Amino acid sequence: MAEANNENPTTEQQGPKLPQKRFFRQRAHVNIFNDVPLDYPINPDEEDWSKLYPVYFRPRTEQAPEQAASDSKRPLSPSLDSTATLAKRGPAASTSTENPLAQVEFADIGCGYGGLLVALAPLFPNTLMVGMEIRTKLVDYLQQRIEALRAFQRNLLAQGGAEWVDVNAKLEQEIAALNQPLNGTKEQHDNGETERLVPGHYENIAAMRINCQKYLPNFFKKGQLSKMFILFADPHFKRRKHKARIISTTMLAEYAYVMRTGGIIYMITDVQDLYNWSISHLDPFPLFERIPNEDILTDPVTTFVINSTEEGKKVARNKGKKYLACYRRIEDPVTN
């Protein structure tokens with residue numbers, strides 16, 4: 001009987017496990033001007049994305065950087081196997097006749113614990129998304145969370161017969177949740193699917209440690225990104241700290257460089273002073289135009305921007321206000 005009891009804990013420990021957030025807490029404020037050791041490429045062609053997206057990129061070779069970058073890319077596909085059938089890829093997955101090569105298109109600046117990435121992954125299974133965060137523990141937590149979710153998906157595929165998530169129903173639930181207050185003090189957020197299959201199998205999301213206010217153009221080419229998320233950023237309340245805010249004239253120039261024409265910046269905060277500061281810089285900037293509120297609310301991504309992040313749910317539980325603004329990248333009037 002004693003032997004049987006000793007075997008139970010071992011059995012329970014088998015298989016993937018989601019990390020526990022309580023072991024990865026870290027203070028919110030980080031001095032972005034400090035020279036901390038970070039790995040970053042000299043230019044975007046030097047970055048080895050295969051470490052984060054092994055399904056979409058092959059390991060880099062010892063060729064010239066431009067040739068190695070081209071050879072490392074695989075055609076976009078949310079499957080775990082390039083020869084997988086559409087049923088295995090998921091009901092929301094569609095193949096393109098152009099068969100485009102993989103590249104990161106969504107960037108969550110200051111992604112925190114990654115609630116937005118996990119929520120968006122099944123909705124955009126053919127789109128690579130990266131969460132960029134300067135706090136080490138949060139990056140470790142999010143990447144472990146993603147690796148666990150991928151492992152759950154692989155197990156479900158191997159077992160066969162697992163149910164697929166209805167992404168349309170999931171979107172409807174998120175929209176409905178906007179009008180339902182979160183009660184109680186217990187933290188509530190979507191940990192990702194561990195019992196149902198999702199399109200893309202979470203292979204299209206990843207996290208990396210980076211100081212975006214120093215090295216963003218080192219990772220992305222001109223016009224590469226189609227969506228950028230700046231959600232509940234550090235407000236840096238003290239006036240002498242305002243220069244560290246993530247939205248400034250200098251940073252907007254870099255955002256405009258890495259974003260393609262028609263790309264969208266999603267900005268939300270619960271601090272009205274930071275909201276006023278942000279729009280006072282975005283409104284006059286010549287390469288961005290504000291999207292009207294009626295158009296914002298028809299964008300399905302907006303629902304997740306408002307409701308899917310851990311910080312956003314915390315604000316909702318405390319019955320706080322959220323200030324949202326979205327801006328579209330427009331053509332450069334000087335070059336056209």
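Modeller: What follows covers cavities, then a pocket. This is a predicted model, in which local features need pLDDT of at least 70, side-chain atom pairs count only at pLDDT 80 or more, and totals for chains, interfaces and linings use all residues. Residues are numbered from 1 along each chain as its sequence is written, and side-chain values use heavy atoms, with hydrogens and water left out.

Colleague: How many cavities of 30 Å³ or more are there?

Modeller: Rolling a probe the size of a water molecule over the atoms shows where empty space is left. On a 1 Å grid over the protein atoms alone, a cavity is a set of points where a 1.4 Å probe fits but cannot get out; a pocket is an open set with protein on both sides within 12 Å along at least five of seven lines; lining residues have an atom within 4 Å of a point. Points are joined across faces, edges and corners, and a volume is the space filled by probe spheres set on them. The count here is two cavities of 30 Å³ or more.

Colleague: What lines the second largest cavity?

Modeller: That cavity holds about 60 Å³, and its lining includes Arg 245, Met 267 and Trp 277.

Colleague: What volume has the second largest pocket?

Modeller: The second largest pocket has about 420 Å³. Its lining has 15 residues, with Asp 39, Glu 47, Leu 52, Met 208 and Arg 209 nearest its centre.

Colleague: Which strand gives the most to that lining?

Modeller: Strand 3, with three residues; strands (E, at least two residues) are DSSP runs, as are helices (H or I, at least four), numbered from the N terminus.
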